[in-house]
Amino acid sequence: MKHILSRRHLLHNASALLVGGACSPLWGETSLPLGPNADLGGRLLLPSEDEWNRDVSSDEVDPRSEAIIASIGADKPLHEDFGLIWKGAPGGIPYYVVKGDQPRVPVTFRYADESDPGPYPIPPDAWIEGGPQAEGDRHVLVLDRDAMKLYELFHAFPVNGGKSWKASSGAIFDLKNPKPRPAGWTSADAAGLPILPGLARYDEICGAGVLRHALRFTVRKSRHGYVSPASHFASPHMEENLPPMGMRVRLKASFDTTPFQGPAKVILEGLKKHGLILADNGGDWYISGAPDDRWVHESLLPIRRVKGRDLEVVKMGELVTR
């Protein structure tokens, strides 16, 4: 449910901080596991100063916060869009970690004018969101641990057993020389943002036990416009109280998290500090995460006790509507 209007970030080469302050470089670390949904050991994918990782707990509240929250659903709950099996496939957006010598394959794009040309290092058995027969977004995310690059596709299909691929759109994020996507450009996500850095991962939530970045979320009806850090919108709707792509919300400081335990509490404490960034159209207040066999879905369900009214919109910058 994206790119419904037009065909239309930031990563970094910094070392990642482990919990406790010890420094361990993510990239070029040959001990980092390879393969589907490889455990990243609680590492950040972006530097601490990146917009995804920024502490927004003291930022001002946007003047239209209450009205925007109401447009999404003040009585609607947060909803984990990961951690369970859905229609026979693991829920969430999968990713694949490869080495720098992973063979590159050509990719043909429907929206080539806003996509980064290949080839892309996609393994023949790369996991597709929703499974091989999925009819949804079919994201494919590939992380090159040696070249420090992230390759992401939207609505991707293998051709000839994966010798090539076709996709609606795609983006390559250079972690050594980060650059924002051109204004108005999409990525593999409606907002023009990278996907993987905004996913809830088991190795962070349950392994490290701390969430140190914002999470990706969706709404059913977004606005014809975007705010930083987004670069693209995907809606014809002009109502000023609808949420634009790139909008950030956070859990109110007054919300009591003491009754929560385990991963639910880790997520909610992270939402107070880093919040959620609107990245795509989908279910209202749906939070994105990566599949992992170790998720215990019942331990995530308590976040549904949080309603829209418990959130507030962080003050936004300039709205772009063209």
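Strand E4 (79-81) gives three residues to the lining of the largest pocket, the largest share of any element, where strands (E, at least two residues) and helices (H or I, at least four) are DSSP runs numbered from the N terminus. The model is predicted, so local features need pLDDT of at least 70 and side-chain atom pairs count only at pLDDT 80 or more, while totals for chains, interfaces and linings use all residues. Residues are numbered from 1 along each chain as its sequence is written, and side-chain values use heavy atoms, with hydrogens and water left out.

**The largest pocket**

- The largest pocket holds about 870 Å³ of space, a volume being the space filled by probe spheres set on grid points that are joined across faces, edges and corners.
- Of the 30 residues that line the largest pocket, Asp81, Trp86, Glu129, Gly136 and Asp137 are the closest to its centre.
- A pocket is here an open set of points on a 1 Å grid over the protein atoms alone, where a 1.4 Å probe fits and protein lies on both sides within 12 Å along at least five of seven lines, and lining residues have an atom within 4 Å of a point.
- Besides E4, the elements that give two or more residues to this lining are strand E6 (89-90), E14, strand E16 (276-281) and strand E17 (286-288).
- By class, the lining has eight nonpolar, 12 polar and 10 charged residues, with Ala, Val, Leu, Ile, Met, Phe, Trp, Tyr, Cys and Pro counted as nonpolar, Asp, Glu, Lys and Arg as charged, and the others, Gly among them, as polar.

**The five-stranded sheet and strand E9**

- Five strands make up an open sheet with mixed pairing, in the order E3-E7-E9-E10-E13, and two strands pair if DSSP finds at least two bridges between them.
- The edges are taken by strand E3 (35-36) and strand E13 (169-174), each of which has a single partner strand, so one side of each is left without a neighbour in the sheet.
- Strand E7 (residues 96-98) and E9 run parallel and are joined by three bridges, and Val97 stands opposite Leu143 in E9.
- E9 and strand E10 (residues 149-154) run antiparallel and are joined by five bridges; in E10, Leu153 is the bridge partner of Val140, and Tyr151 is that of Val142.
- The hairpin of E9 and E10 has four residues between the strands, and within this hairpin Met148 takes a positive phi near 60°.
- Five of the five residues of E9 are buried, so E9 is largely enclosed by the rest of the structure; buried means under 20% relative accessible area, exposed over 50% and partly exposed in between, with a 1.4 Å probe and protein chains only.

**Loops and backbone geometry**

- The loop between strand E8 (107-109) and strand E9 (140-144) contains Pro119, and the peptide bond from Gly118 to Pro119 is cis, with omega near 10°.
- A cis peptide bond also leads from Ser228 to Pro229, with omega near 15°, and Pro229 is found in the loop between strand E14 (215-219) and strand E15 (248-251).
- Arg138, in the loop between E8 and E9, has a positive phi near 50° although it is not a glycine, and this residue is buried at a relative accessible area of 1%.
- Asn160, in the loop between strand E11 (157-159) and strand E12 (164-167), likewise has a positive phi, of about 55°, without being a glycine, but at 60% relative accessibility Asn160 counts as exposed.
- Tyr111 lies in the loop between E8 and E9 and counts as buried at 9% relative accessibility; its C-alpha atom is separated by 9.3 Å from that of Thr186, 75 residues apart along the chain.

**Aromatic rings and charges**

- Arg138 lies over the face of Phe157, at 3.9 Å from the ring centre, and Lys166 lies over the face of Phe157 at 5.8 Å.
- A charge sits over a ring if NZ of Lys or CZ of Arg is within 6 Å of the ring centre and within 35 degrees of the ring normal.
- Phe82, Tyr202 and Trp295 form one aromatic cluster, and the count of aromatic pairs comes to seven.
- Rings of Phe, Tyr and Trp (its six-membered ring) pair if their centres lie within 6.5 Å, and planes under 30 degrees apart count as stacked, over 60 as edge-to-face and the rest as tilted.
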